[in-house]
Amino acid sequence: HTSTCAWRLATHKPSPRARVTPETTMSAFAAVATAGYRVNPGPRRPSLGRRRTGAKEPVLIRRLKKRSVVASAKSEASAEADSFYDVTPEYCGVPIKISGRPKRIVLIRHAESEGNVDETVYQRKPDHRIELTERGKEQARQAGLALKELLDPDEQVYVYVSPYMRTMQTLYELGQTLGPERISGVREEPRMREQDFGNFQDHTMQELKKERHGFGRFFYRFPNGESASDVYDRVTSFRETLRNDMNFGRYTENCTVLIITHGLTLRVFLMRWYKWTCDMFDKLRNPGNAELVVMERGERGRYSMLSESQDEEFLQKMGFTDDMIEDQHWARTASMSDLNSSWATSKGTIFFDGFPDRLEASRRAVKRADETYFSTSETTRRKAMKEAKTKKAYDEDLRPHG
């Protein structure tokens, strides 16, 4: 009876099941998924027989059955996956897929808006409903022409856009000159929205922005709003979505990803992507309205902000340090699995060597803020309180008595 079971097991053909390939499976788990696990189990196999005594099948038979299934699935479904991962670089043991990475990532700050020319508009109009000026619409159309010159003739564009009206208007006007047929998809992305400053902004906003300079631009949180560190958290989540879209094959190699967002959010995205420190972020400046910030895919898969269309002078204007620019040079030719040994996040001794200087710089900033911003802010605050008390007393005098 044992020989009969073994014969049936050897001649049994497993039922059809879904083919597993790197294109249909997350790259990080494809090697596991193609190692013999069934994705869509077929109908139940016919019984291989049962002992008359009612005893369970021998353990040996069960092991043979499992090995047979694994070998069959391995030979039928994973040959292509094995050849793919044999030539794919790894990072921390996880295969890195280069073929799905778009040719470039282009970030654009929205064109000139009503709030850029008149900040009082925020006191009577919700931030997400602020529109472009006529000049801003023209800026967006010019950005479309600049993007068109950057692209290959058959290159497509996939867009992520903040749901604020001024960013969507920027996309609409940009599309008029780029050509809507060049845009393969548009996704509204709330995580790339503007930093929240609260709801309607009142006359105290200018004083709060001065206070932010003294406190620190990255960690200062506006009342009922966000800090740049809060924006960092949601941008990190979006970055993972972007990387998953790359791994799942949403883009072709001849595709550009376009992200239309806001000034601070754009800087935070770059900070997260290139692993910049908070001190580096504090030195950065916003790009101009509707100005293209290009991340070009290097010859070995990494993205660099240095390219034929973007030189060191542009990066210096944005506030890049020499180390940040050198890192961009490194990224142009570095492999996906390489680490920049001269970058602070790659080598621990760099942190310890530089920390005493950072500590002293922090102390100087506290002293400078105390002498410049906070003393002024406190004087202004006390003056406002005094004026409020005077007005209240005046109103009480006008109130009818008796």
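These questions and answers go through a predicted model of a protein chain, asking what lies behind the words used for its parts.

Q: What makes up the protein chain in terms of helices and strands, and how much of the chain is buried?
A: The protein chain has 14 helices and eight strands. Of its 402 residues, 40% are buried. Among contacts between residues at least 6 apart in sequence, 74% join residues at least 24 apart.

Q: Why is arginine 166 called buried?
A: Buried means under 20% relative accessible area. Arginine 166 has a relative accessible area of 1%, so arginine 166 is buried. Its place is in helix α7, residues 165-178.

Q: Which residues is arginine 166 in contact with, leaving aside its neighbours within four places in sequence?
A: Arginine 166 is in contact with His110, Ser113, Asp127, Ile130, Glu131, Leu132, Glu194 and His262. Arginine 129 is 37 residues from arginine 166 along the chain, and the C-alpha atoms of the two are separated by 7.4 Å.

Q: Why does glutamine 156 count as partly exposed?
A: The term covers values between the limit for buried, under 20%, and the limit for exposed, over 50%. Glutamine 156 has 28% relative accessibility, which lies between those limits, and therefore counts as partly exposed.

Q: Where is glutamine 156 found, and what is in contact with this residue beyond its neighbours within four places in sequence?
A: Glutamine 156 is found in strand β4, residues 156-161. The residues in contact with glutamine 156 are Glu181, Arg182, Ile183, Ser184, Asn254, Cys255 and Thr256. Tyrosine 251 is 95 residues away along the chain, with a C-alpha separation from glutamine 156 of 9.1 Å.

Q: Why does asparagine 224 count as exposed?
A: Exposed means over 50% relative accessible area. Asparagine 224 is at 76%, and so counts as exposed. This residue is found in the loop between α8 and α9.

Q: Why does alanine 290 count as buried?
A: The limit for buried is under 20%. Alanine 290 is at 9% relative accessibility, so alanine 290 counts as buried. Its place is the loop between α11 and β7, the latter spanning 292-297.

Q: What is noted about phi in asparagine 224 and in alanine 290?
A: Phi of asparagine 224 is near 60°, a positive value in a residue other than glycine. Phi of alanine 290 is also near 60°, again a positive value in a residue other than glycine.

Q: Why is serine 335 called buried?
A: Serine 335 has a relative accessible area of 8%, and because buried means under 20%, the term applies. Serine 335 lies in the loop between α13 and α14. Leaving aside neighbours within four places in sequence, serine 335 is in contact with Arg300 and Arg302.

Q: How are two packed helices described?
A: They are described by the angle between their axes and the distance between the axes. For helix α9 (residues 228-247) and helix α10 (residues 263-274), the axes come within 9 Å and cross at roughly 60°. The crossing of α9 and α10 is right-handed.

Q: Which residues of α9 and α10 meet?
A: On the α9 side they are Ala228, Val231, Tyr232, Val235, Thr236, Phe238, Arg239, Leu242 and Met246. On the α10 side they are Leu264, Thr265, Val268, Phe269, Met271, Arg272 and Trp273. The residues of this contact divide into 12 nonpolar, two polar and two charged.

Q: Why is leucine 264 called buried?
A: With a relative accessible area of 9%, leucine 264 falls under the 20% limit and is therefore buried. Leucine 264 is found in helix α10. Its contacts, leaving aside neighbours within four places in sequence, are Gln195, Ala228, Val231, Phe281 and Asn286. Leucine 264 and tyrosine 232 are 32 residues apart in sequence and 9.9 Å apart in space, C-alpha to C-alpha.

Q: What volume does the largest pocket have, and which residues lie nearest its centre?
A: The volume of the largest pocket is about 1,300 Å³. Its lining has 41 residues, of which Cys278, Asp279, Met280, Asp282 and Lys283 lie nearest the centre.

Q: Which helix supplies the largest share of the lining of the largest pocket?
A: The largest share, 17 residues, comes from α14. α8 (205-215), α11 (278-283), α13 (322-333) and α14 (348-398) each supply at least two residues. The residues of the lining divide into 18 nonpolar, 10 polar and 13 charged.

How values were computed:
Residues are numbered from 1 along each chain as its sequence is written. This is a predicted model: local features need pLDDT of at least 70, side-chain atom pairs count only at pLDDT 80 or more; totals for chains, interfaces and linings use all residues. Side-chain values use heavy atoms; hydrogens and water are left out. Axes are lines fitted to C-alpha atoms, for helices over the stretch in contact, and angles run from 0 to 180 degrees between N-to-C directions. A crossing is left-handed if the near helix is turned anticlockwise from the far one by less than a right angle, and right-handed if clockwise. Contact means heavy atoms within 4.5 Å. Ala, Val, Leu, Ile, Met, Phe, Trp, Tyr, Cys and Pro count as nonpolar, Asp, Glu, Lys and Arg as charged, and the others, Gly among them, as polar. On a 1 Å grid over the protein atoms alone, a cavity is a set of points where a 1.4 Å probe fits but cannot get out, and a pocket is an open set with protein on both sides within 12 Å along at least five of seven lines; lining residues have an atom within 4 Å of a point. Grid points are joined across faces, edges and corners, and a volume is the space filled by probe spheres set on the points. Buried means under 20% relative accessible area, exposed over 50%, partly exposed in between (1.4 Å probe, protein chains only).
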